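This briefing sets out selected features of strand pairing and helix packing. Please consult the sequence and the model alongside the points that follow.

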Amino acid sequence: MISIAFFNNKGGVGKTSLVYHVAWMLAELGYRVLAVDLDPQSNLSIMALDEERLEALWPDVAHRETLFGAVEPLFGGTGDIRPAHIEPLSDALGLIVGDLALSRIEDDLSTEWPRCLEGRERAFRVTTSFWRVMKEAAWRHQADVLLIDVGPNLGAINRAALVAASHVVVPVAPDLFSLQGLKNLGPTLRLWRDTWLQARPKASASLGEQPGGEMAAVGYVLMQHAERLGRPTKAYAKWQALGNRIMPEMAACAPSFRPQQ
């Protein structure tokens, strides 16, 4: 099964919209798709579901039917992960609903990450919690492809999400801020992957299969630019040209991360 994370540490580049529309397009092409909302802001869930349904999924008490509900026993010290609820959007498309409460587990994810290098069992359980939830849900849904939406940062939640991803797509916008953020991605993804590849062999055999953490770059998707008389406006054309030069530099900084447009 292919798992694709749509990731950029710069917000406002159309990442969530891209996940939403790609999910529906793949479903309409006959693929079974599972979308996962791993952004605590839950914009993908808000886009996909109406307010009445969201109120039911996010009650004042425990949120058992969200992604947080699936990992809560592990992070709360009362057990391990539980099967995630899959919200049906169509016969072929399902959604694992996001939750603002995910932000509460970021510190734990951050603390346990370096402990994987020491071979600690709980560290592996915590770091791979998202992957294990998604793998089980994808099996139930019989998914051909899993699409992961994450927040615009380089935090521990996103690191655990990227460990669970076989591929990465980088949505970008033709502006200065987006290009500055893009320079961080190659080295960061290479560091995350190299660290995981060092830690993975230290996992106890009793833990079973571990995610590969491939994070293979599919490429980058450029947000639609403003046009005038059929041509990009001057400002957008400038940053688009710079972006085309930065991508090879990004690959040079991280030889294992070589996106293509």
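The axes of helix 4 (residues 67–76) and helix 7 (residues 129–141) come within 10 Å and cross at roughly 130 degrees. Helix 4 is therefore oblique to helix 7, oblique being the class left after under 35 degrees (roughly parallel), over 145 (roughly antiparallel) and 65 to 115 (roughly perpendicular). This is a predicted model, in which local features need pLDDT of at least 70, side-chain atom pairs count only at pLDDT 80 or more, and totals for chains, interfaces and linings use all residues. Residues are numbered from 1 along each chain as its sequence is written, and side-chain values use heavy atoms, with hydrogens and water left out.

**Helix packing**
- Helix 4 passes helix 7 in a right-handed crossing.
- From helix 4, Leu 67, Ala 70, Val 71, Leu 74 and Phe 75 meet Ser 129, Phe 130, Arg 132 and Val 133 of helix 7, where contact means heavy atoms within 4.5 Å.
- The residues of this contact of helix 4 with helix 7 comprise seven nonpolar, one polar and one charged.

**Strand pairing** (at least two DSSP bridges between two strands)
- Strand 2 (residues 33–37) runs parallel to strand 4, and four bridges join them.
- Leu 34 has Gly 94 as its bridge partner in strand 4.
- Strand 3 (residues 87–88) is antiparallel to strand 4, with two bridges.
- Glu 87 stands opposite Leu 95 of strand 4.
- Four residues lie between strand 3 and strand 4, which form a hairpin.

**Burial of strand 4**
- Strand 4 (residues 93–96) is covered on both faces.
- Leu 93 and Leu 95 on one side, and Gly 94 and Ile 96 on the other, are all buried (under 20% relative accessible area, with a 1.4 Å probe and protein chains only).

Conventions. Buried means under 20% relative accessible area, exposed over 50%, partly exposed in between (1.4 Å probe, protein chains only). Axes are lines fitted to C-alpha atoms, for helices over the stretch in contact, and angles run from 0 to 180 degrees between N-to-C directions. A crossing is left-handed if the near helix is turned anticlockwise from the far one by less than a right angle, and right-handed if clockwise. Ala, Val, Leu, Ile, Met, Phe, Trp, Tyr, Cys and Pro count as nonpolar, Asp, Glu, Lys and Arg as charged, and the others, Gly among them, as polar.
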